[in-house]
Amino acid sequence: MNAVPFWIEAAVSVLLVASGLFVVISAVGFVGFRDFFLRMHPPAIAYTLGIWTVAGAGVLYFSAIEGRLVLHPWLIVIMLSMTVPVTTLLLARVALFRRRAAGEADTPPPLSPLVPPAGEPHRPAKDGAP
Amino acid sequence: MTSLLAVAIGFALGCYAIASVIVLVRLIRGPRAQDRVFALDLLYLHALLVMLVLGIQHRSDVYFEAALLIALFSFVSSSAMAKFILRGEVIE
């Protein structure tokens, strides 16, 4: 247990404040946008910048306490950077397929009109879309 | 711990609380199921951040392991719910 120098505490404080602001900004964006595909973008701020700043603060602070390089908070960053794209992509596919099944107007058409995507019945395009 | 770090920790925790309340609006109001699943995933992230900041506050490593477990459960539960509302079953 070493005494933590003041400049490290100041840097940790700046990182924590920045993380709180990033998370609030992403939450406001998540609630504010009107469409699901728009709404998927603001949480990326929290998933990248919010967690990177907190993990950086943890690395700085625990390294200063123990007097050696402590890198284990990065493990959470590594794990989130592996798992978050998977869930985001799955939810995007969910939104796309459910919209197509509900027949909403502004849904992107399938890439190939002849082969229906798995999990939905084939439905011909209505307004002459390719 | 100086008062500067204590104030910064309090500010960060307050920001996470406010952000969780804002996301809760989308969780309750969200028009479709995928909005609610995404909001739940964000709430998991906020809990993880709270755990990391508490670890800094109490100078303890135990919170880090809790945060790692929350990250794992967030991935498992979100992907399971996404598979469920996509296909109607989790494991085919």
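Predicted model: local features only at pLDDT ≥ 70, side-chain atom pairs only at ≥ 80, totals over all residues.
Helices here are DSSP runs of H or I that hold at least four residues, numbered from the N terminus.

**Fold of chain A**
- The secondary structure of chain A consists of four helices and zero strands, and from the N terminus on its elements follow the order α-α-α-α.
- Of the 130 residues in chain A, 45% are buried.

**Helix H3 of chain A**
- The 24 residues of H3(A) should span 34 Å at 1.5 Å a residue, and this agrees with the 33 Å that separates its end C-alpha atoms.
- Because 17 of its 24 residues are buried, H3(A) is largely enclosed by the rest of the structure.

**Extent of the interface between chain A and chain B**
- Chain A and chain B bury about 4,600 Å² between them, and 77% of that area lies on carbon and sulfur atoms.
- Within the area that chain A buries against chain B, A:Phe30, A:Ile76 and A:Arg98 supply 13%, which is more than any other three residues supply.
- The contact draws 54 residues from chain A and 50 residues from chain B.

**Polar and charged pairs across the interface**
- The rule finds one salt bridge across the interface of chain A and chain B, and the side chains of A:Arg39 and B:Asp35 meet in a salt bridge with an N to O distance of 2.3 Å.
- Between chain A and chain B there are seven residue pairs in polar contact, with both residues of each pair at pLDDT 80 or more.

**Make-up of the chain A side**
- The elements that give two or more residues to the side of chain A that touches chain B are helix H1 (6-32), helix H2 (36-39), helix H3 (43-66) and helix H4 (74-102) of chain A.
- H1(A) provides the largest share of that side, with 16 residues.
- By residue class, the side of chain A that touches chain B divides into 38 nonpolar, ten polar and six charged residues.

**A positive phi in chain B**
- B:Arg59 has a positive phi of about 55 degrees although it is not a glycine, and B:Arg59 lies in the loop between helix H2 (33-58) and helix H3 (62-87) of chain B.
- With a relative accessibility of 29%, B:Arg59 counts as partly exposed, because that class covers values between the limits of 20% and 50%.

Notes
Residues numbered from 1 in each chain as written. Chains lettered and ligands numbered in written order. Heavy atoms only, no water. Contact = heavy atoms within 4.5 Å. Buried area = accessible area lost by both parts, 1.4 Å probe. Salt bridge = Lys/Arg side-chain N within 4 Å of Asp/Glu carboxyl O. Polar contact = N/O pair within 3.5 Å; in protein donor to acceptor, adjacent residues only side chain to side chain. Nonpolar A, V, L, I, M, F, W, Y, C, P; charged D, E, K, R; others polar. Expected span 1.5 Å × (residues − 1). Buried < 20%, exposed > 50% of the residue type's maximum accessible area, 1.4 Å probe, protein only.
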